Amino acid sequence: MKFENLRLHSFGYEEPAEFMTSDEMEEKMRSLYERAKLPFGRLELQTGIKRRGLWPKGTRPSTIASKAAEKILKNFPREKIDLLLHASVCRDFLEPATAAQVHFNLKLSPHCMISDLSNACLGVLSSILMAGQMIERGVIKTALIVSGENAGPLIEETLNHLNTDPNMDRKRIKPYMASLTIGSAAVAFLLTHASLAPDSPKILGGSTLTDSGAVELCQGDGSTQGLMMETDSEALLKAGVKLSQDNWEKARGILGWENSQVDKIIPHQVGTAHRLAMLTQLGLPTDRDFQTFEQFGNTGSAALPLTLMKASEAGFFKPQDKIALLGIGSGLTSTMLGMEWA
């Protein structure tokens, strides 16, 4: 997929005011750690995650996604939004679409199309590809993509399960460790046709590959009242890196890039092991990426977009930088996009 006229007009994010450190989380599991003879400090040591954010209990994904979007709409006419996509793992309810609540909150036009687009941690990147093709073909001129991820219910339910299961031991705890790395954040992207933002960053295109044979390696189920997820982290890492390697080769061919031409890298934010394994296997330097997982954890579909925004705020990008967005989501699916900064 290649784009000639797709621009990242603007973006906004919302982050929690409250955070739980990895040390605080382990303290909540003190009896389990002592019974299973688990060393304190292992969670941060293995993942590199110092803390993860938590919204107040009962916070809806639509509420935080709307707050992120409002930061864009202060400077853009909301009646000109043609398409709204809600792209997070978390949602308010099964029916109607959470996008309907966001549309109501933002007071968007009745002519604005809405939909939820869920694809695990790839929801925002998948939405960029879908909306980007509509903009490129001239079907629409603007698309607002939002995500509101809330780790609270998952963390609460996981800690409760680990602390109350009398049979929990070193082996049984492993499928739940990934759940303890999840964080919270909300993001919003405004995509437009180049005619509306000629001087904004360009989204050049990219590719997607899927390995559905890995569909059982990470699965979660539940609702806003509670959520449980089990992950085979070692197998998921191995399969994810292999899929990412194949997809990067495909993306490079579409973009016409060599590794040496990539100026900056924004990967999905999982943790230390995932970062090093992916960059090493893709042959990309480890001194050109930007990281947020240490302070925010893995914020699902908001992770890569939030990292892009934080990198922009930090002055990480220079004009004409070629930026690789390296996405991976359980399923497994990999989406990789190329950008050129303005």
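**Exercise 1.** Which residue follows H9, and is its phi positive or negative?

*Solution.* The model is predicted, so local features need pLDDT of at least 70 and side-chain atom pairs count only at pLDDT 80 or more, whereas totals for chains, interfaces and linings use all residues. Residues are numbered from 1 along each chain as its sequence is written, and side-chain values use heavy atoms, with hydrogens and water left out. Helices are DSSP runs of H or I with at least four residues, strands are runs of E with at least two, and both are numbered from the N terminus. The residue that follows H9 is Gly-283, and its phi is positive, near 70 degrees.

**Exercise 2.** Determine which residues of H9 are buried, and how they are arranged about its axis.

*Solution.* Taking buried as under 20% relative accessible area (1.4 Å probe, protein chains only), one finds His-274, Arg-275, Met-278, Leu-279 and Leu-282. Seen down the axis of H9, these residues fall within an arc of 110 degrees, taken over the directions from the helix axis to the C-beta atoms, so they line one face of the helix. Their cover includes H8, strand S11 (264–267) and helix H10 (293–296), together with strands S12 (322–329) and S13 (333–340).

**Exercise 3.** Decide whether Thr-158 is buried or exposed, and list its contacts.

*Solution.* Thr-158, which lies in helix H7 (residues 152–164), counts as buried because its relative accessibility is 0%. With contact meaning heavy atoms within 4.5 Å, and not counting residues up to four places away in sequence, Thr-158 touches Tyr-176, Ser-179, Leu-180 and Met-228.

How values were computed: Buried means under 20% relative accessible area, exposed over 50%, partly exposed in between (1.4 Å probe, protein chains only).
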